[in-house]
Amino acid sequence: MSLRNRIAFYYTITTAFLIALVFAILYFMVESIVYKQFDEEINNEVTELFTDAHATSHDFTSFSRFKTFIDDNIEVKIDPKEAVKVDTEFIQLVNIEGEVINKSINLARNVLIFKPGETTMIYFNSTINNSAIRQGQLPLFNRDGIIKGYLIIAVPMKKAIIVLNDLENVFRFSFPAIILTLFVLTRLIAGKSIRPIEKVIATAEKMTQPNIHQRIGLPFHHDELYRLSATINALLDRMEDAFQREKQFTADASHELKTPLSVVKGTLEVLVRKPREREQYENKIQFCLMELNRMAQLIDQLLMLARYESNKMNPHIQEVSLPIALEAATARLHPIAFEKKIEFKITGTEKASVTADLAMLDIILENILSNAIKYSHEASVVTITIERQERNILCSIADQGIGIPEEKLHAVFERFYRVDESRSSGTGGFGLGLSIVKRLADIQQIKVGVKSNKTIGTTFTLTFPSTAS
Amino acid sequence: MRLLIIEDEPGIAGFLKDGLEEEYFAVDVAYDGKSGLDHAMTNEYDLIIIDWMIPVLSGIEVCRQIRKSGSVVPIMFLTAKDTLEDVVFGLEAGANDYIKKPFAFEELLARIRVQLRSKNQGDDSLRAGNLNINPGTHQVFYDSLEITLTPKEFALLEYLVRNKDKVCTRSRIIEHVWDIHFDSDTSVIDVYITFLRRKLEHAGCGNLIQTIRGVGYIIRES
């Protein structure tokens, strides 16, 4: 069942229940008013009878007077042609056993229903000759207060019953009509109010990967649907951003892979077009080998990145001595540091142990340190500081290099990002090192920060999570 | 025929220059968009090869600027961008051809020759009277007799034949046959013309190249 039908259905059910209740209350109120009026009429009749018969209260001594009085009195009013004339009142006297002692002539052969055992005046509905009547039954007492008989008075209810029946019919037939109209209207209104949702669905259905740039039109009112649409749009923004970055990565990766491939292929193709000197062959083959090495290096880094990004890595977290890890990393980088006459200075070497995956930490340190060497001025110092800050251990690696411009600082962890845009620059990286660092740091909950100044150099900071102990 | 290569990857620019020079082209190389555009604006090239992703100015931007200046020089994109949209985008920016990396050098060469064909030229071979030049094999025939030429002589003859019935000024010849590293001493042209004439005369087509005094040279069809 669609949302629209469901809203209409529940609404209609609730309203139908309420309407039925209101109708019932109305009906019973009208009915009780009608009966009250008849009962009033019966009471009046009783009073009149007592007055006419010169009887006081329900006195049994007056009983015989009633007997004669009823016949004398009523007979006059009766049209003899009609057996039972139902639009006048009927009077009947019964003794305590219920035997009819006297009755008005208009009752003819009929007898009013008697309910034995009652000690007070009662009113009830009954019929006579299939016509509805309202009866009143009054007990008659003797001087000692013992019931000796009953005075039964009945008035016809024909017109009132017609009114009640009409009322009932009106309710009965109008009810389904009202409910049906209500359902149709609610459905219409519900449809109208959920139309923005239909729009959201239509837009979402049209959205496939190539045209994810479409957005849902925001409704005019700042209501829940507005918020829903805005939230979906924000989600789409983020998705589009992610798609865009993924696309950029693929484009960059393919460029970086195809370039050395093109170089090798082209160089060799040109080389074999003509016979050449031995030296020329050797030179070109050397050149191609260099390019292939670079390509192998790139493929290694890409695979590493892919493996870390797939999140299937389970880091083997353990207690690692940071100074020892740094010592090992600087020792491995010594040859290239030596070439540029760069000195490593490690300060604040307390017994700092951190929780990390040793192999991953090695990759992180080596990448940051080799960057420091790469972008340092010749014969400068790379300062590594280990310090304790509250419960965390901080390790900062500061070079005295060329620095990174402020506006490019935020992008250094992006894949294939290089501050120096010309790929032909001598530094020769791919722009993947820091992406790998970031990824590995995230896996181990290490925070990586960077700040830079053109005159001082660049500082990378690793904040290790506090040790459990 | 003089070409400009705008390519930031030295390895690719290197083998392109080597390979094309062996095919008797004069080749200039620019390593970024801005210097490439400067070259294209100041010198006259017969064809420009542009990489899309180059620093300072993108290849697309360079291509657009060249076209905006009113130049109709054939432009070829040489790029790793290989989606359909990229190809269409590149061609719509004003390029004449689009080659995806990695490419075969032979294909690039063939495509360059296609771009250098004139409108009424069905294949790559060039003719002037009974003289027949094949740029692909670097062979020159007069009737059925082959004339052996040095690369420079060949390039000079090729340029004159491509522009037959038009006067080729000395400065234009220098522009199109020699690359940017050559100082513009036009007397070297006269020397090569003399060599050429001698070889042509030997084969029997003596006065093919005519001198327009004080201006340059011309080859006439008739």
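Two residues are in contact if their C-beta atoms, placed from the backbone, lie within 7 Å. The model shown is predicted: local features need pLDDT of at least 70, side-chain atom pairs count only at pLDDT 80 or more, and totals for chains, interfaces and linings use all residues. Residues are numbered from 1 along each chain as its sequence is written, and chains are lettered from A and ligands numbered from 1 in the order in which they are written.

View 1. Helices (H or I, at least four residues) and strands (E, at least two) are DSSP runs, numbered from the N terminus. Two strands pair if DSSP finds at least two bridges between them. In chain B, four strands in the order β6-β7-β8-β9 make an open sheet with antiparallel pairing. Its edge strands, β6 (126-128) and β9 (145-147) of chain B, each pair on one side only. From one strand to the next the twist averages 25°. Strands β7 (residues 131-134) and β8 (residues 139-142) of chain B run antiparallel and are joined by four bridges. Within this pair, B:L131 is opposite B:Y142 in β8(B). Helix α6 (residues 151-162) of chain B lies across β6, β7 and β8 of chain B, at about 75° to β6(B). Axes are lines fitted to C-alpha atoms, for helices over the stretch in contact, and angles run from 0 to 180 degrees between N-to-C directions.

View 2. Another open sheet of chain B has five strands in the order β2-β1-β3-β4-β5, with parallel pairing. At its edges stand β2 (26-30) and β5 (97-100) of chain B, each with a single partner strand, so one side of each has no neighbour in the sheet. Neighbouring strands of this sheet are turned by 20° against each other on average, direction ignored. Five bridges join β1 (residues 2-6) of chain B to β2(B), and the two run parallel. B:I6 has B:A30 of β2(B) opposite. Helix α5 (residues 105-116) of chain B packs on the sheet, where it touches β3 (47-50), β4 (75-79) and β5 of chain B; its direction makes about 175° with that of β5(B).

**View 3. Nonpolar cores.** A residue is buried if 20 or more other C-beta atoms lie within 10 Å of its own, exposed if 12 or fewer, and partly exposed in between; C-beta atoms are placed from the backbone. A nonpolar core is a set of buried Ala, Val, Leu, Ile, Met, Phe, Trp, Tyr and Cys residues joined through C-beta atoms within 7 Å. The largest such core has 70 residues, of which B:L3, B:I5, B:I48, B:I50, B:L157 and B:L160 touch the most other members. Helix α6(B) gives the most to this core, with seven residues. Not counting residues up to four places away in sequence, B:I50 touches residues including B:I6, B:V62, B:I75 and B:F77. A second, separate core of 39 residues includes A:L361, A:A372, A:L434 and A:V437.

**View 4. Helix α9 of chain A.** Helix α9 (residues 433-443) of chain A is mostly covered, with eight of its eleven residues buried. Among the buried residues of α9(A) are A:L434, A:I436, A:R439 and A:L440. The elements covering them include α6 (278-309), α8 (358-374) and β11 (447-453) of chain A. Just after α9(A), A:Q445 has a positive phi of about 60°.

View 5. Most residues other than glycine have a negative phi, and most peptide bonds are trans. B:Y24, in the loop between α1 (10-22) and β2 of chain B, has a positive phi near 70°. B:Y24 counts as partly exposed because it has 19 C-beta neighbours inside 10 Å. B:V56, in the loop between β3 and α3 (59-68) of chain B, has a positive phi near 65°. With 16 other C-beta atoms within 10 Å, B:V56 is also partly exposed. A cis peptide bond, with omega about -10°, joins B:K101 and B:P102. B:P102 lies in the loop between β5 and α5 of chain B.

**View 6. The contact of chains A and B.** The contact takes 20 residues from chain A and 21 residues from chain B. On the side of chain A that touches chain B, the largest share, 13 residues, comes from helix α5 (residues 224-272) of chain A.
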